[in-house]
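Some notes on this model follow, for reading beside the coordinates.

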Amino acid sequence: MTDTAIRIASMNKFYGNFHALKGIDLQIAKGEKVVICGPSGSGKSTLIRCINRLVEPTSGKVYLGNVELTRLSSSGLRRERRRMGMIFQEYALVERLTVMENVLSGRLGYVGFWRSYLRKFPQSDVDEAFRLLDRVDLAHMADKRADELSGGQRQSVAIARAVVGDPQILLFDELTSAMDNQTESTVVDRIREFSKNKTMIISTHRASLLSLVDRIVVMDDGRVIADGPKDKVLDALKRGLIKTGSPESFTGQS
Ligand SMILES: Nc1ncnc2c1ncn2[C@@H]1O[C@H](COP(=O)(O)OP(=O)(O)O)[C@@H](O)[C@H]1O
Ligand SMILES: [Mg+2]
């Protein structure tokens with residue numbers, strides 16, 4: 001057994017000749033909640049996607065507990081991905097599926113429309129999905145198509161989908177990018193509730209999400225340039241001790 005939930009060792013990512021991640025080493029303990037911040041283009045999304053291998057790292061290793069993800073075959077990877085709930089922009093809700101079907105698709109480990117559509121789910125999964133929808137006040141919408149929902153409701157469904165099956169790790173990339181303040185505070189409250197006892201990594205430049213985390217990792221130009229307890233890193237950012245090349249990137253307002 002290990003108390004480390006995620007370990008990233010000497011990770012590099014090249015997109016063609018472009019060096020997007022430059023030797024990342026990062027260790028995240030079980031139950032720890034971390035924000036990754038930094039200017040646009042600094043590598044936040046790439047780093048988060050390399051953790052679940054939606055983007056393949058060019059070199060380096062990723063461990064989930066004792067399991068090295070970077071050496072798994074696709075079937076092994078699919079199994080391990082079920083331990084990681086995620087909200088990524090390109091993993092949007094499937095418009096033509098119902099709310100219930102969208103939540104259930106979270107059980108399958110990031111699959112597309114047809115796999116979700118053709119799959120028969122056991123009643124126990126349906127019951128769990130229904131309970132989750134109830135917790136986000138959307139049980140009455142279970143049979144509606146996703147394209148009938150408001151923006152805030154969609155976020156709630158995405159959260160329910162990310163936590164169905166009780167994954168111990170949550171990976172959220174810029175999840176509140178486009179919403180009003182009221183919706184955002186509801187989303188933050190829900191994430192707080194659903195992330196209890198889980199390990200969580202969020203990439204964002206929005207200050208409202210800081211209340212969810214205890215640790216801040218600052219990236220710039222493909223490197224981790226600061227990493228520590230929230231208060232210390234915030235203080236250093238405010239005092240200009242951390243040069244991100246973009247001081248407004250994470251100093252208060254979103
Ligand atoms: N698929 C890709 N092909 C080529 N370059 C990419 C690709 N994805 C990201 N990049 C580049 O890698 C850098 C880091 O991008 P990204 O991880 O999206 O940063 P962030 O999330 O911090 O804004 C940027 O310069 C971006 O243009
Ligand atoms: Mg990004």
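1. Helices (H or I, at least four residues) and strands (E, at least two) are DSSP runs, numbered from the N terminus. This is a predicted model, in which local features need pLDDT of at least 70 and side-chain atom pairs count only at pLDDT 80 or more, while totals for chains, interfaces and linings use all residues. Residues are numbered from 1 along each chain as its sequence is written, and chains are lettered from A and ligands numbered from 1 in the order in which they are written.

2. Around ligand 1 lie Y15, F18, A20, G38, S40, G41, S42, G43, K44, S45 and T46; a residue is near a molecule if its C-beta atom, placed from the backbone, lies within 6 Å of it. Helix 1 gives the largest share of this shell, three residues. Strand 2 (18-29) and helix 1 (44-51) each supply at least two residues.

3. By class, the shell around ligand 1 has seven polar, three nonpolar and one charged residues. Here Ala, Val, Leu, Ile, Met, Phe, Trp, Tyr, Cys and Pro count as nonpolar, Asp, Glu, Lys and Arg as charged, and the others, Gly among them, as polar.

4. Four strands make an open sheet with antiparallel pairing, in the order 2-1-4-5; two strands pair if DSSP finds at least two bridges between them. Strand 2 and strand 5 (67-68) are at the edges with a single partner strand each, so one side of each has no neighbour in the sheet.

5. Five bridges join strand 1 (residues 4-15) to strand 4 (residues 59-64). Within this pairing, I8 is opposite V62 and A9 has K61 as its bridge partner.

6. Strand 4 and strand 5 pair over two bridges, with L64 opposite V67. They form a hairpin with two residues between them, and G65 in the turn has a positive phi of about 60°.

7. Helix 5 (residues 123-135) has 13 residues and spans 18 Å from first to last C-alpha, close to the 18 Å expected (1.5 Å times one less than its number of residues).

8. Just after helix 5, D137 takes a positive phi of about 60°.
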